[in-house]
Amino acid sequence: MKKLVIFDLDGTLLNTIADLAVATNQALEKLKYPTHPTQAYLRFVGNGINKLFERALPEAARTPENVLRVRSLFVPYYNEHGTDLTRPYDGIPAVLKQLQERGVKLAVASNKYQAATQELVKHFFPEIFFAAVLGQREGLPTKPDPLFVREILTQTGVTPADTLYVGDSDVDMQTARNAGVEACAVLWGFRTEAELRAYSPAHVVRQPEEILNLFPRFSL
């Protein structure tokens, strides 16, 4: 049985898409660019907020300078309003609690910037102990680079063979593959089943409770 589960955040633990859409749209509107419906953001997210802004901008306006302009308006707004519409997926808090009670170590690896990653985890899962909570940090690569997973393994002292990576996107499946850890794809997030199965994850689950089937209650 695995000793550590590393969870992606957006689309895996939390449904954050509405708050991400509102925060990005208010920045685009202030800069006189077209906004997008919430559903469009399902295709924009996954590679960090700078890539999100690049995708949200009109093609002719996708310059590094404009990405930073959007970011300068997005971050303060999101820091204040990032929990307005965001909620854990049904069943996730109970699954985290059960894994913790079964002695499994828990961690988060997200391409969301570090401050927001930490704040959302603290806000929505105050009773859960996470051995590590890592988000995007300046000057460091984002997922699917395996850096996140390797840092968590170092901090927890767990081997790749004893680790399960749980995520909802192609980026997550690539991250697990690049880090040499077993992948579990979840189907309640931001990507399609076909996109996830293309990476041949070891496990595919439709409901959070199915994750518990991988961790027998009395195995530790």
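1. A word on terms before the sheet: two strands pair if DSSP finds at least two bridges between them. Helices (H or I, at least four residues) and strands (E, at least two) are DSSP runs, numbered from the N terminus. This is a predicted model, in which local features need pLDDT of at least 70 and side-chain atom pairs count only at pLDDT 80 or more, while totals for chains, interfaces and linings use all residues. Residues are numbered from 1 along each chain as its sequence is written, and side-chain values use heavy atoms, with hydrogens and water left out.

2. Strand S1 (residues 4–7) has a neighbour to pair with in S4, in the parallel sense and over four bridges; Val5 has Leu106 of S4 as its bridge partner. S1 also runs parallel to strand S6 (residues 163–167), again joined by four bridges, and here Ile6 is partnered by Tyr165.

3. Are the faces of S1 covered or open? Both are covered: Leu4 and Ile6 on one side, and Val5 and Phe7 on the other, are all buried (under 20% relative accessible area; exposed is over 50% and partly exposed in between, with a 1.4 Å probe and protein chains only). In a regular strand the side chains alternate between the two faces of the sheet.

4. Helix H3 (residues 64–81) deserves a look. Its 18 residues reach 25 Å from first C-alpha to last, close to the 26 Å expected (1.5 Å times one less than the number of residues). H3 bends by about 25° at Phe74, with Pro76 following within four residues; the bend is the angle between axes fitted to the seven residues ending there and the seven starting there.

5. Phe74 is also among the buried residues of H3, which include Val67, Val70 and Tyr78. The cover over the buried residues of H3 includes helix H1 (17–30), strand S4 (105–113) and helix H5 (114–124).

6. The search finds 11 salt bridges in the whole structure (a side-chain nitrogen of Lys or Arg within 4 Å of a carboxyl oxygen of Asp or Glu). In one of them, Arg137 meets Glu151 with the closest N and O atoms 3.0 Å apart. Arg137 lies in the loop between S5 and helix H6 (147–156) and Glu151 in H6, so this pair ties together parts 14 residues apart in sequence.

7. Glu193 is worth checking too: a salt bridge links Glu193 and Arg197 at 2.7 Å, N to O, and Arg206 forms another with Glu193 at 3.0 Å. Glu193 is partly exposed at 27% relative accessibility.

Key
Contact = heavy atoms within 4.5 Å.
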